[in-house]
Amino acid sequence: MTDTICALATATGGALGLIRVSGPGAFSAVSSLCAVRCHSVAANTVHFTRIGTLDEAMVSVFRAPHSYTGEDSVEISCHGSSYILNNVLQLLVQNGCRMARPGEFTMRAYLNGKMDLSQAEAVADLIAANNKATHHIAMSQLRGRFSSELARLREHLLKLTSLLELELDFSDHEDLEFADRDELLTLTQTIDLSLTRLANSFKTGQALKQGIPVAIVGATNVGKSTLLNALLKDDRAIVSDIHGTTRDTIEDAIDIRGVQFRFIDTAGIRHTTDRVEQIGIQRTYQAIDKAHIVLWLLDEAPSSEEEADMVARCRESVLIPVLNKCDLGTTCADTIAGRAPLAISAKTGLGLDELEQVIYERSEERR
C-alpha cells in the first residue's frame, strides 16, 4: 500500500460527483491540481477551490489515521459532468495516483485496522440494500454486532478448552476435580446456543437479501395464481378455470413493511396421470421445502389426511392456512393445522391487507 489510489465514489449522471484519493501521495496529488495546500491545512476541514479551468470544487482533507482508509485521504466534490470527472481523474493519475480496484478503499480500511472482515462485508451489503430489513442488518453488522458475538463466542471456547486441558493434565488423579461439572455443562450449552443463533442469522440474512420465500400452495383452482397477481398488483400468472393451468413455479418479489418477500405460485396438488403436471407438482413440494412461509390456500375444509400431510411437509416452515373465495360465502373449519384460517378474496382484494400483515408478523418468527 505504498501507492496512492483514486476513484469516482458516486454514480455518474448526477448533479455532483465525488472523487476519493487515498495513500501517502494523496495530499501532493490534490495540491498540484488546486490552491489548497493539503499538507498545511487542518485535518477534517473543507475548502472551496478551483481546479484549473475545469470546475469549482470543495476539497475535504483527512489525516491518517483518522480517515476511512486509515491513510491520508482527500475527497473532491465537484459537478457531476462526466467530462469534468474524467479530466480530474486523469490529472490525478498524471500526478502520481493510480485508479483504484473495486473495493480497494475498503480493503485498505481493513488492512489498516479500521474495520474487521465482517464489517468490510457489511459495507457491500449496505450499498446493495434495497429495503428496510437489509439496510438494518447491514448497519448492525457495520457497527460491530456480529464481531461482538464472535468475540464472546471465542471467549467461551477458550474458557472451555482451558478447563478441559486442566482436567486432562491431571487425569491420573481421579480424586481431583478442577472444573465444576455444572459450569462445564452451562458453558457448552451457551456455546451451542450461540452457534445455532449465528447459523440461523446467516440463513435469515440470505433470505432477506434475496427475498423471504413464500410458497402459495393448494389444490387446483383454489385461486393461487389469482392471489399472486393480487399481491403483485400485476397479471403475472395465467388465471383460468381449467384444472392444472399452472404447471411450473412462477416467482416475483414485493416489499411489505420494508421487508422483501419472494412469492412463489405453484402447480395445484392433486392426483394426475399427466406427466408434465406431475413434474410441476413435484416442484411444488420442492418449493414447500425451501420456503420460509407457506400460504396454504383453500376453498373448503381439508380432509384430516390432507391436513396431516401438509403439517408434516411444512415442519421447517411457518404454515398459514388461508380461506379464499370468501366473497362467495365460502366457510371452513374453526381451525386448520392449529390455526384459524384467514378469510380473503383474492378476486376482490378483501382481506389482502390483513394477509400481508400476517405474513410480515410470521416472518419475524424466522428472524
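1. The structure holds 15 salt bridges, a salt bridge being a side-chain nitrogen of Lys or Arg within 4 Å of a carboxyl oxygen of Asp or Glu. This is a predicted model, in which local features need pLDDT of at least 70 and side-chain atom pairs count only at pLDDT 80 or more, while totals for chains, interfaces and linings use all residues. Residues are numbered from 1 along each chain as its sequence is written, and side-chain values use heavy atoms, with hydrogens and water left out.

2. One of the salt bridges joins R20 to E75, with the closest N and O atoms 3.7 Å apart. The pair links distant parts of the chain, since R20 lies in strand 2 and E75 in strand 5 (residues 73-79), 55 residues apart. Helices (H or I, at least four residues) and strands (E, at least two) are DSSP runs, numbered from the N terminus. E75 is partly exposed, at 22% relative accessible area; buried means under 20%, exposed over 50%, and partly exposed in between (1.4 Å probe, protein chains only).

3. R50 pairs with E56 in another salt bridge, at 3.3 Å between the closest N and O atoms. R50 counts as exposed at 51% relative accessibility, and E56 is partly exposed at 37%.

4. R101 and E104 also form a salt bridge, their closest N and O atoms being 3.4 Å apart. E104 is buried, with a relative accessible area of 3%. Salt bridges with shared partners join D3, E71, R98, R101, E104 and R108 into one network.

5. In helix 3 (residues 104-111), the buried residues are E104, F105, T106, R108 and A109. After helix 3 comes G113, with a positive phi near 75°.
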